Amino acid sequence: MGVVTYDFEVTSPISPTRLFKALVLEADKLFPKAAPHAIKSVELEGNGGPGSIVKINFAEGLPFQYVKHTVEGQDKDNLSYSYSLIEGGPLGEKLEKISYENKFVAGADGGSVCKSLMKFYTVGDCTFTEDEIKEQIQRMDGVYNAVEAYLVANPDVCN
C-alpha cells in the first residue's frame, strides 16, 4: 500500500464558524436541502463526533450510489474536522481509503479559507495520479458550492 498526499485550499465568503457548522455539525440535515441534485440523504450512526459513521446517499444518475466515512476528529473550538472515506464512492481496485484533514480559518473580508490535506491510500502497487485527485476534488466542489450558495441565500441558516 502506498500513500499519496495532496494539500489544497478553498476560499469562501462565508465565515469559518458558519461554514464549519454547515459542512460538519449540520451536514446531515443541510446537504439534502442545499444539494438535492447530488445528495439524496445522509445517515448518521453516533453523535457526529469521533467514532461516528456517516453514510451519504447520492441522487440517482450520479457515478456513485453512496460513500461511507468514519469521523476521526472534530474540534469545534479550532474548527477542524478529520475523517476517512472507508466504503463506496471511488474506493475499489485502486484505493483502500481516503483520509481528510480540514481546518476552517478566517479569510479576507469576513470570509474563510478551508485548508485541506487529503491522503489517498492505494491498494498494492497501484498509483493514483494528480488528474485522478483533481477529479475527486471536483466532485466534492459541487456539493461545497451548493452549500455555500444555500448559505448566501439563507443568511439565518447555521448561525
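**Reading helix faces, a strand residue and a pocket**

Author: In helix α2 (residues 27-34), the buried residues are Ala27, Leu30, Phe31 and Ala34. Buried means under 20% relative accessible area, exposed over 50%, and partly exposed in between (1.4 Å probe, protein chains only). Helices (H or I, at least four residues) and strands (E, at least two) are DSSP runs, numbered from the N terminus. The model is predicted: local features need pLDDT of at least 70, side-chain atom pairs count only at pLDDT 80 or more, and totals for chains, interfaces and linings use all residues. Residues are numbered from 1 along each chain as its sequence is written, and side-chain values use heavy atoms, with hydrogens and water left out.

Reader: Why are the buried residues of α2 said to line one face of the helix?

Author: The arc is that of the directions from the helix axis to the C-beta atoms. Seen down the axis of α2, the buried residues fall within an arc of 105°, so they line one face. The face turned away from this buried side carries exposed Lys29 and Lys33. Among the elements that cover the buried residues of α2 are α1 (16-25), β2 (39-45), β3 and α3 (130-153), where contact means heavy atoms within 4.5 Å.

Reader: How many residues of α1 are buried?

Author: In α1, 7 of the 10 residues are buried, so this helix is largely enclosed by the rest of the structure. Among them are Leu19, Phe20 and Leu23.

Reader: Is phenylalanine 58 buried or exposed?

Author: Phenylalanine 58 counts as buried because its relative accessibility is 19%. This residue lies in strand β3 (residues 53-58). Leaving aside residues up to four places away in sequence, phenylalanine 58 touches Ala38, Ile39, Lys40, Phe64, Gln65, Tyr66 and Val67. From phenylalanine 58 to histidine 37 there are 21 residues in sequence and 8.5 Å in space, C-alpha to C-alpha.

Reader: How much space lies in the largest pocket?

Author: On a 1 Å grid over the protein atoms alone, a pocket is an open set of points with protein on both sides within 12 Å along at least five of seven lines, where a 1.4 Å probe fits; lining residues have an atom within 4 Å of a point. Grid points are joined across faces, edges and corners, and a volume is the space filled by probe spheres set on the points. The largest pocket holds about 1100 Å³. Its lining has 42 residues, of which Phe31, Ile56, Tyr83, Met140 and Val143 are the closest to the centre. The largest contribution to the lining comes from α3, with 7 residues.
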